[in-house]
Each structure stands twice: as C-alpha cells, then as structure tokens.
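Open the structure in your viewer and keep the selection panel to hand. The stops below say what to select and what is found there.

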Amino acid sequence: MPKLEIHQFPCLSDNFGVLIRDAEQGVVASIDAPDANAVTAALAAKGWRLTHILTTHHHHDHTGGNLALKAETACTIIGPRGEAAKTPGIDKQVGEGDTFAFGAHQVRVLDTPGHTAGHITYWIPSANAVFVGDTLFAIGCGRVIEGNAQIMWQSLQKLKALPKETAVYCGHEYTQANARFALTIEPENEALQKRAREVDQLRAAGKATLPTTIGLELETNPFLRPHVPAIQKRLDMVAKPEWQIFGEIRERKNRS
Ligand code: ZN
Ligand code: FE
C-alpha cells in the first residue's frame, strides 16, 4: 500500500488545516485552505511544497486561502462541480463518482450536500482516510444551511457506509460542545460517556480531538444513531423515519 503522510493543524478560531503528502511522487495537497498564512507556515514547518488544494465547499473559512496560495505556489485547485462559481481559483471540477490520482493514491469523490448544496467529500481508500469538510464532525454534524434534513441524512448515510477503520478528518474542532449536547440525546450511551471524558482531557491539555474514525462515530455520534430505540423513545419518535429523527436532533442542536 502506498504511504500517505497526513499533517493536521489548528487555524483561524476553530478550523483545522490538513496537509497530505505522497512522498514518493512529491505531491502535497491542502484539504481546504482556511488561511493562506497558516497553510504556508505548516508547509514550511514540514518542508513540503504545495501542489494541490482539495476544496470541500465554498465557505470562506475553507476557501479564504485559495488565491494567495495559488499565486504563491501555482498549485492546482480541485473543487466541487456544484460550487465552481463560488470556489476561488478552481481549476478542476469534481463530483459524485469521480476519481483522480494523488501520487500513487486514488481519491474518490462523494457528493455530500446539506451543509452547502454542492459540498463534496474526498475519500482515499488506500490510506483509510476521508476528508469530510463540514458534513460530519466528531460527535456532531454540520449545520444544514443549503439543504434540508433529508438531503443531509442521505449524505451522512454515505459516510456511515465507509469502512469502520477509516480515519475521519473534519473542518472544525467542535467536539467538546458536541459531546455535551450528545449526552442530552443519549445519556445512557457508555461509549459516549467515556469519550466525553477523553475529549475533556484532550482539550484541557490543549490537544486536538481529531481525527476520529467511522467506527467511533457510529458508536457515539447521535446524528448517526436515529435507529437507536432509546433515542427514539427520548424524542418521542418511535418508528419514525430515520431522516426525521435526524432532523429533530439537528433542530435541538441548533437551539442548544
Ligand atoms: Zn462550512
Ligand atoms: Fe467551516
């Protein structure tokens, strides 16, 4: 299996930057570009030269660094076909089912709309890694801004179906607040209780709680668990469609 190096770093107020590198072929991508200076500093710290930006969605805290980084490095910007007009500097448009080579790795593109209408996710099976932008968070999910609960639920279904050992890289460090909220939805979930304690410890030590894994999210993320009887009962939604239960959890989070 070809090796993929992954370097995650915090930037802006609560975003993550992520750099990935195939050392053998000398390609380096920034997953989104929240802030050009922060990405440039991370590249310098690693001694890496940027060749690509992979944009997940058009929001400024994910594309704000695109043009400056492109001017500096002449990197190729790959981004969502559905948001090409809103993605600064985009060179190559991709969407559901598309694949492209990143060094020796194959990147698979999933459409994951809901947070934004054209949001995409980059999955690299050979590295067991997925880059989900603002669709899924650790113990949470993105706000549904340009879609509805049913659309977002379909997107989360795709992520639920990935191999459990897949490492999940998300756009933001929201885990501690997400855990507090999740415990109001499923207080009896022991895996969630344990993880909430671990998250508190990591944050107290100033450490990131990401990446997570699909397996851990399936066990602890209430937004992926509308099928659980205890949650359905607590929400008074027994046997309702899963997307509706998901939507109710999302509404409650919005109000929390
Ligand atoms: Zn966003
Ligand atoms: Fe964001």
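Is Glu198 buried or partly exposed? Glu198 counts as partly exposed because its relative accessibility is 35%. This is a predicted model, and the accessibility, like every value on this tour, is computed from it.

**Stop 1**

An α-helix has 3.6 residues a turn, so residues three or four places apart point the same way. Lys194 has 48% relative accessibility and therefore counts as partly exposed.

Next select Arg195 and Glu217. The side chains of these two also form a salt bridge, at 2.8 Å from N to O. Glu217 is in helix α7 and Arg195 in helix α6, so this pair ties together parts that are 22 residues apart in sequence. Glu217 and Arg195 are both buried.

Then go to Arg225 and Glu186, whose side chains meet in a salt bridge of 2.8 Å, N to O. Arg225 sits in the loop between α7 (214-220) and α8, while Glu186 sits in the loop between α5 and α6; the two are 39 residues apart. Both Arg225 and Glu186 are buried. Across the whole structure, a search finds 10 salt bridges.

**Stop 2: helix α5 and its cover**

Select helix α5, residues 175-185. Which of its residues are buried? They are Thr175, Asn178, Ala179, Phe181, Ala182 and Ile185. To see what covers these buried residues, show β11, β12 (140-141), α6 (190-204), α8 (229-234) and α9 (242-255), which are among the covering elements.

**Stop 3: the open sheet**

Show strands β7, β8, β9, β10, β13 and β14. The 6 strands make an open sheet in the order β7-β8-β9-β10-β13-β14, with mixed pairing. At the edges stand β7 and β14 (212-213), each with a single partner strand, so one side of each has no neighbour in the sheet.

Zoom in on β8 (residues 105-111) and β9. These strands run antiparallel and are joined by 4 bridges. Within them, Val109 stands opposite Tyr122 in β9.

Phe100 belongs to strand β7 (residues 99-102) and Tyr122 to strand β9 (residues 120-124), 22 residues apart. Phe100 counts as buried because its relative accessibility is 8%. Tyr122, at 0% relative accessibility, counts as buried too.

**Stop 4: the zinc ion**

Select ligand 1, the zinc ion. Which residues coordinate it? The zinc ion is coordinated by His57 (NE2), His59 (ND1), His115 (NE2) and Asp134 (OD), at 2.2 to 2.3 Å. The spacing of these donors along the chain is H-x1-H-x55-H-x18-D. Why is the arrangement irregular? The 4 donor atoms subtend angles of 85 to 171° around the zinc ion, which makes the arrangement irregular. His59 lies in the loop between β4 (52-54) and α2 (60-63), and Asp134 in the loop between β10 (129-133) and β11 (136-137), so the pair ties together parts that are 75 residues apart in sequence. His59 and Asp134 are both buried.

**Stop 5: the iron ion**

Keep Asp134 on screen and select ligand 2, the iron ion. The iron ion and the zinc ion are 3.1 Å apart, and Asp134 coordinates both. The protein donors of the iron ion are Asp61 (OD), His62 (NE2), Asp134 (OD) and His172 (NE2), at 2.1 to 2.4 Å from it. Around the iron ion the 4 donor atoms subtend angles of 83 to 173°, so this arrangement is irregular. In sequence, the iron donors are spaced D-H-x71-D-x37-H. His62 counts as buried because its relative accessibility is 1%, and His172 counts as buried at 4%.

Notes: Residues numbered from 1 in each chain as written. Chains lettered and ligands numbered in written order. Predicted model: local features only at pLDDT ≥ 70, side-chain atom pairs only at ≥ 80, totals over all residues. Heavy atoms only, no water. Donors = N, O, S within 2.8 Å, 3.2 Å for Na, K, Ca; no water. Tetrahedral: all angles 85-135°; square planar, octahedral: opposite > 155°, others 65-115°. Buried < 20%, exposed > 50% of the residue type's maximum accessible area, 1.4 Å probe, protein only. Contact = heavy atoms within 4.5 Å. Pairing = 2+ DSSP bridges. Salt bridge = Lys/Arg side-chain N within 4 Å of Asp/Glu carboxyl O.
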